[in-house]
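Let's take a walk through this protein together.

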Amino acid sequence: MRSIRRHFQPLITPYERTISTSSEPFFRTPKPEKTFFKSQNSEHAIVKRLCRENKHDEAIINLCERSRLTEAIQVLDRIESSSPLVYSNLLQLCLQQKALEPTKRVHNHIKRSASLLGISNFNRIIDIYCKCGSLVDARNVFDEMPERDLCSWNTIISGYAKMGRLKDARNLFDEMPERDNFSWTAIISGYVRYGFPNDALQLCRIMSKDYNVKCNKFTVCSVLAASAATQSLIVGKEIHGHIVRMGIDSDTVVWSALSDMYGKCGSLDEAKHIFDKTSDKDVVTWTAMIDRFFKNGRKEEGFLLFSELLKSGSKPNEFTFAGILNVCAIYNLESLGRQVHGYMARIGFNQSSFAASALIHMYCRCGNLEVAERVFKWIPKPDLASWTSLINGYAQNGQPEESLKLFESLLDSGTKPDHITFVGVLSACTHSGLVDKGLEYFNSIKEKHGLAYTVDHYACVVDLLSRSGRFSEAEDMIKKMPMKPDKFLWASVLAGCKIHGNLDLAKRAAEALFKIEPENAATYVTLSNIYAAAGKWAEVAKIRNLMDVNKVVKKPGRSWTEIKRKVYTFLMGDTSNPRLNEIRELLEELHKKSREEGYVPKTDYVLHDVEDEQKEQNLSYHSEKLAIAFAILVTPPGTSIKVFKNLRTCVDCHTFIKYVSKVVSRKIIVRDSSRFHCFEDGSCSCKDYW
């Protein structure tokens, strides 16, 4: 989760900082706006009377007090000149409303009248132009000023820095006759915000030599953000020591920035130490620390900290919930996700927030489409993320027809799809073999919806064509792509070659993948499977040797199932389960009954040049088979079984589980690295197309 609080941004502009000390009168806080010029009321009458009496200045101030900027400028246009007080009131109202065109009219009136204004009013004009994004006008005012103060320099530099005009900002910064904390913070935070943390750190070193400047918490937070971006732990620790010496180590914002720096630099224990010492922790601080644990793979500690947050009295926000639910989705922790859902319902949360879409995503990833649908229907007005989550959920759970139907409902609702939505739509077509329909949707991305194609869109269509054996069209599309094919696209080609036994294209796709990610064992294994299916054992041996040379190790297949809120994990060859003998006996019985129903082991992809009997033995104890057998043993008859696997399930296991679902009269859901498979009464939701 991206950090919510941007510590390195200055909280006020240099102009706003000088308001309380300026010698000129300033505009008072406006009263609530009232209806004006709708009828001959007393306020209208007052303004008309003042104008008749040539008291235009008073009329303008009266209008400014009621935030009637347009009418005030109309009165201003009737007179040749006005007082500094009137211009001050008008400019202050322009600043509050960030009104660019009215500011230009007031500015032009000032120039025509040749009025003598103080520096603060010119600074205010610069500030308005900067906040409205009109840096050219701001610079013109700055250059035309007969006299400038420190606020003038800071305002224009801050404007350039916030808009990413860092070169212009730095040139002016280097020309400054004097600098203060705001000057340094503005330029340093600009470098951090726009991805130049090294320049920020270099400027910080220069600043440390300026004895006239004493760092404040805003400057420190900017430098800490730069250290975090460059993962410069040594520099971060130096700043930490400087913070302690300055005596600002009790500030909550500084502590949060320190914790963020340590977390992003990989020193999570130090970040937790800083977090624990923070006395006044708000929900943003809690959420950021929880998220750091999750990003570093320490999910148990992240969940524990979330539990501490609930006990602390602080109320989680939608960012907290979304982060927790996304982790539940990644690790398929539906039971925990349900508990979070229950807590959200008890305390009440915004149905239209992205936490609701995170709920849908979590249930879809855990294979519970029934609840995902209920959450979706419960949202008053689903946002695009909610639509997309369910569209993808249907596609991944073997219901492509529902996915495409929901996409049409999205269009009917007036919601505009984005490129992620189309990835789900194209995936649905891929998983159901709807080649022509998929191509139709692909063409509509640009022609009908005005979106740019992404490499993900091309990967989906190439996957669709390759799975269907239309390799010439797939290769044509790859050649016409405006971007370079990525690993996912070539992996799709390789998977299609495995289905159809296309050895030549498989070799080319594998060679492309070896260049992109030579350490990925999946490429070697898939290519070996293709050669093994073709009986080319010499080629299989070469691939195995290449893996040894490159020190590539195949990721072991791992499956797990959750029974009564406890997760049981299985690996092929693992003997740690106390009921292993019972599991093996049940598997032998299931193999026997499945054979009677017509099951024939699929040994084509077993990577050993051995007899068929030995090949069958090698297939018998794949991890998903062990997990399913265990779940059958420990759950009542008829109970649905849900198993997750870290790799794509093999053809033999897929065929075997179909027969098992019929033999034991169970619904068996398997989530592999590709998608969900719902096995029931001898068939699979993927229709053997995955």
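We'll start with confidence, then visit a sheet, some helices and a few single residues.

First things first: what you're looking at is a predicted model. Overall, the mean pLDDT of the protein chain comes out at 85, with 90% of the residues reaching 70 or more. The start of the chain is another story. Over residues 1-12 the pLDDT stays under 50, and the model gives this stretch 32 contacts beyond four places in sequence. Residues 15-40 also have a pLDDT below 50, and they make 56 contacts in the model beyond near neighbours in sequence.

Six strands make it up, in the order β2-β1-β3-β4-β5-β6, and it is an open sheet with mixed pairing. Which strands stand at the edges? They are β2 (566-571) and β6 (683-684), each of which has a single partner strand, so one side of each has no neighbour in the sheet.

β2 and β1 run antiparallel and are joined by six bridges. In one spot, Ile 563 stands opposite Lys 566 of β2. The two strands form a hairpin, with two residues between them. Have a look at Lys 564 in that turn: its phi is positive, at about 50 degrees.

Strand β1 (residues 558-563) pairs with β3 in the antiparallel sense, over three bridges. Thr 561 has Val 643 of β3 as its bridge partner. On to the following pair, where the sense is parallel: β3 and strand β4 (residues 668-671) are paired over four bridges. Here Phe 644 has Arg 671 of β4 as its bridge partner.

Why is β3 described as largely enclosed by the rest of the structure? Because four of the five residues of this strand (residues 641-645) are buried. As for side chains, in a regular strand they alternate between the two faces of the sheet.

Helix α36 (residues 651-663) lies across β4, β5 (676-680) and β6, and runs at about 40 degrees to β5. Between α36 and β4 there's a loop, and Ser 665 sits in it. Ser 665 has a positive phi, near 55 degrees, in a residue other than glycine. Is Ser 665 buried or exposed? It counts as exposed, with 56% relative accessibility.

You'll find Ser 67 in the loop between α3 (56-65) and α4 (69-76). With a relative accessible area of 15%, Ser 67 is buried, since the cut-off is under 20%.

Time for some helix packing. Two packed helices are described by the angle between their axes and the distance between the axes. Helix α33 (residues 580-597) packs against helix α35 (residues 623-634) at an angle of about 100 degrees, and their axes are 9 Å apart. That makes α33 roughly perpendicular to α35. Among the residues making the contact are Ile 583, Leu 586 and Leu 590 from α33, along with Leu 626, Phe 630 and Leu 633 from α35. The residues of this contact divide into nine nonpolar, one polar and two charged.

Our last stop is Leu 135, which is found in helix α8 (residues 135-144). Leu 135 counts as buried, at 5% relative accessibility. What does Leu 135 touch, leaving out residues up to four places away in sequence? Its contacts are Tyr 129, Cys 130, Gly 159, Tyr 160, Met 163 and Arg 165. Take Met 163: Leu 135 and Met 163 are 28 residues apart along the chain, and their C-alpha atoms are separated by 8.7 Å.

Technical notes: Residues numbered from 1 in each chain as written. Predicted model: local features only at pLDDT ≥ 70, side-chain atom pairs only at ≥ 80, totals over all residues. Heavy atoms only, no water. pLDDT = per-residue confidence, 0-100. Contact = heavy atoms within 4.5 Å. Axes fitted to C-alpha atoms, helices over the stretch in contact; angles between N-to-C directions. Parallel < 35°, antiparallel > 145°, perpendicular 65-115°, else oblique. Nonpolar A, V, L, I, M, F, W, Y, C, P; charged D, E, K, R; others polar. Buried < 20%, exposed > 50% of the residue type's maximum accessible area, 1.4 Å probe, protein only. Pairing = 2+ DSSP bridges.
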